Amino acid sequence: MSLDSDVIVDRRRIRRKLTFWRVAAVLVAIGAVIAVGAMVSPAGTALTTSGSIARIKIDGLIRSNSERVEALERLAKSNSAAVIVHINSPGGTTAGSEELYTALMRLKAKKPMVVVVEGLAASGGYIAAIASDHIIAQQSSLVGSIGVLFQYPNVSELMKTVGVKVEEVKSSPLKAAPNGFEPTSPEARAALESLVRDSYAWFRDLVKQRRAMDDNQLGIVADGRVFTGRQAVGLKLIDQLGDEKTAVAWLETEKKVKSGLPVRDFKLAPQFGDLTFLRAAASVTLDALGLGPIARQIEQSGAMHLGLDGMLALWVPGSSR
């Protein structure tokens, strides 16, 4: 019996030592990856030089992002000759889209800027696009979706079915309305409609001003639809069909940017903002050390969580706004 106990104690001691060295190896590997990343992309340079045109990308859902705003401010102070903004976004929150638009307007005041729509510039994505004086899109790109929506789930019927009721005490009838746990009152719906109408009016006025449209032209494009690039040219939503080469040619011709400059990426995310390569390296290292469950947790931590709150300037297929 004593011998068995000694064996168990020895095994536990060996296991603890092995775990220590595994963790130490992981930390060394992660440190090496960080060091290599720092050498490849030194902080502050963002791969652009004074003899180049900066390329930035606006992808996916748009939310408020102070780090992106700070990056655009750094770009405005850089020595890059001009900026090409690639957009592929269905929009996002109205506040986040306005923040991005304002930051791009400040950038445009300092650098020649042109927008290239890749696949989609809808709702908040289009708000960002109209910060530029010149918008280029491919023939099959989708642009527009000028509109605002406010969506919320209502589970009041389901709660009746399962026999659950939420009790609340609030200071006024419109406090925290709608809450999704009871039918939306006419007063709450009217308040929401007022918010949507006000934000929609702001969006329309912005498009009218930036795209130099009259009321008739605006009425045609501001019903929430998206348009192809081919359609958008005639509707004044964009200026030209083409791609990045078209954008470079426009900068050289219209903004007198020096011919032949290379186009280089300028990252709007922090150097290790999404930690994509770091997660991958750590995951491989952990798997090799037999710590698979920890590797899976690291991979899952990189998944994007869709959490859009408040008023949305977002293109949702099947929605009129």
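Predicted model: local features only at pLDDT ≥ 70, side-chain atom pairs only at ≥ 80, totals over all residues.
Leaving aside its neighbours within four places in sequence, which residues is S199 in contact with? The answer is V148 and M311.

## The chain as a whole

Let's begin with the overall picture. The chain holds 11 helices and nine strands. Of its 321 residues, 36% count as buried. If you take the contacts in the chain between residues at least 6 apart in sequence, 78% of them join residues at least 24 apart.

S199, where we started, sits in helix α6, which runs over residues 186-210. With a relative accessible area of 15%, S199 is under the 20% cut-off, so it counts as buried.

Helix α2 covers residues 66-77. Its 12 residues should span 16 Å at 1.5 Å a residue, and the end C-alpha atoms are 17 Å apart, which agrees. The N-terminal end of α2 is capped by N65, which has a side-chain oxygen 3.1 Å from the backbone nitrogen of E67.

Which residues of α2 are buried? They are R68, V69, A71, L72, L75 and A76. Because they cover an arc of only 160° around the axis, these residues lie on the same side of α2. Their cover includes the strands β1 (53-62) and β2 (82-93), along with helix α3 (94-110).

Helix α3 has 17 residues. From its first C-alpha to its last it reaches 25 Å, close to the 24 Å expected at 1.5 Å a residue. Its buried residues are T94, G96, S97, L100, Y101, A103, L104 and L107.

How do α2 and α3 sit relative to each other, and at what angle do their axes cross? The axes come within 9 Å and cross at roughly 5°. That angle is under 35 degrees, so α2 is roughly parallel to α3. On the α2 side, the residues that meet α3 are S66, R68, V69, L72, E73, L75 and A76. Their partners in α3 are G96, E99, L100, A103, L104, R106, L107 and K110.

## Helix α9 and the strands that cover it

Helix α9 spans residues 244-254, and its buried residues are E244, T246, A247, V248, W250 and L251. What covers them includes β1 and β2, as well as β3 (113-122), β4 (135-137), β7 (240-241) and β8 (263-265).

At its start, a side-chain oxygen of D243 reaches to within 3.1 Å of the backbone nitrogen of K245. After the helix comes K256, which has a positive phi, near 60°.

Most residues other than glycine have a negative phi.

S123 has a positive phi of about 50° although it is not a glycine. You will find S123 in the loop between β3 and α4 (124-129), and it is buried, with a relative accessible area of 0%.

S145 also has a positive phi, with a value near 55°. Its place is the loop between β5 (142-144) and α5 (156-162). Is S145 buried or exposed? S145 is buried, with a relative accessible area of 0%.

Technical notes. Residues numbered from 1 in each chain as written. Heavy atoms only, no water. Helix = DSSP H or I, 4+ residues; strand = E, 2+ residues; numbered from the N terminus. Expected span 1.5 Å × (residues − 1). Buried < 20%, exposed > 50% of the residue type's maximum accessible area, 1.4 Å probe, protein only. Arc of directions from axis to C-beta. Contact = heavy atoms within 4.5 Å. Polar contact = N/O pair within 3.5 Å; in protein donor to acceptor, adjacent residues only side chain to side chain. Axes fitted to C-alpha atoms, helices over the stretch in contact; angles between N-to-C directions. Parallel < 35°, antiparallel > 145°, perpendicular 65-115°, else oblique.
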